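Me: I would like to learn how to read a protein model. Please take the features one at a time.

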Amino acid sequence: MKKTLIVSAFSGCGKTWLVRNEEKHGYAVSDSDSSSYEKVKGWETYYVADILEKAKSGKYDFVFISQSECVVDEMDRQSITYVIVEPDNIIWNEMELPERTKERQLIKQQWFGRLYIRDNSHIKDFSKWIEHMKEIYDYRTSIDFINKHHQIAFFTLNQNQYISDIIDELYWKKENYELYTIHNDDCLRD
């Protein structure tokens, strides 16, 4: 039985690519794409139940999930163990050097380039979705978002980085620190 780490990753981090190419890294991974769920009131409860079922199955090293705020809120409500992965857009202090501001802008531009060129056939209304992503990017990749939620840890990706670039680190953490994992019927943090 594998210990499983649930990873809430921002769009464009490379979850789907990693699932399609899992043999390159040797980890068993699942991408719980939320686009197949009808977004009616309470949909996140069913989505999280499905995530837990996968995580408790012992089949996966990683279960990647949507970073929709209602999903993360539901994970917090149920005290489910997870980490967040997102593009590095965090402002650590208001006195940032101009180079850091430029770097954050480049990462944002690159991220939106990723969102435009990837396969988006699973998105019903791409124009509406991309506008939504533009509206939420700065908040969802901020320290305020991180501080609002109860993830075990968070990881940021720089320019030209994807989740596959940090997957070995995530694997090491899940294998060496019990608090990172969900396994068998133990799905809640103590």
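Me: What should I know before starting?

Reply: This is a predicted model, in which local features need pLDDT of at least 70 and side-chain atom pairs count only at pLDDT 80 or more, while totals for chains, interfaces and linings use all residues. Residues are numbered from 1 along each chain as its sequence is written, and side-chain values use heavy atoms, with hydrogens and water left out.

Me: How do I read a pocket, and what volume does the largest pocket have here?

Reply: Rolling a probe the size of a water molecule over the atoms shows where empty space is left. A pocket is an open set of points, on a 1 Å grid over the protein atoms alone, where a 1.4 Å probe fits, with protein on both sides within 12 Å along at least five of seven lines; lining residues have an atom within 4 Å of a point. Points are joined across faces, edges and corners, and the volume is the space filled by probe spheres set on them. The largest pocket has a volume of about 1400 Å³. Its lining has 45 residues, and the closest to the centre are Ser11, Arg118, His122, Ile123 and Trp129.

Me: Which elements each supply at least two residues of that lining?

Reply: They are α1 (15-20), β2 (29-32), α4 (98-117) and α5 (126-140). Helices (H or I, at least four residues) and strands (E, at least two) are DSSP runs, numbered from the N terminus. By type, the lining divides into 17 nonpolar, 15 polar and 13 charged residues. Here Ala, Val, Leu, Ile, Met, Phe, Trp, Tyr, Cys and Pro count as nonpolar, Asp, Glu, Lys and Arg as charged, and the others, Gly among them, as polar.

Me: How do I read a core, and how many residues has the largest nonpolar core?

Reply: In soluble globular proteins, nonpolar side chains tend to be buried together. A nonpolar core is a set of buried Ala, Val, Leu, Ile, Met, Phe, Trp, Tyr and Cys residues joined through side-chain atoms within 4.5 Å. Buried means under 20% relative accessible area, exposed over 50%, and partly exposed in between (1.4 Å probe, protein chains only). The largest core has 30 residues, and those with the most contacts inside it are Val7, Phe62, Val85, Ile163 and Leu170. α5 gives the most to this core, with 5 residues. A second, separate core of 20 residues includes Trp43, Ile51, Leu52 and Ile84.

Me: How do I read a salt bridge, and how many are there?

Reply: Side chains of opposite charge can pair when their charged atoms come close. The rule asks for a side-chain nitrogen of Lys or Arg within 4 Å of a carboxyl oxygen of Asp or Glu, and the count comes to 10 salt bridges. In one of them, Lys174 pairs with Asp61, with the closest N and O atoms 3.2 Å apart. Lys174 is in helix α7 and Asp61 in the loop between α2 (43-56) and β3, 113 residues apart. Both Lys174 and Asp61 are buried. They also belong to a network of salt bridges with Lys2 and Glu175.

Me: What about the pair Lys108 and Asp138?

Reply: Their closest N and O atoms are 3.1 Å apart. Lys108 lies in helix α4 and Asp138 in helix α5, so the pair ties together parts 30 residues apart in sequence. Lys108 is partly exposed, at 26% relative accessibility, and Asp138 is partly exposed at 40%.

Me: Is Asn147 buried or exposed?

Reply: Asn147 is exposed, because its relative accessible area is 57%. Asn147 sits in helix α6 (residues 143-148).
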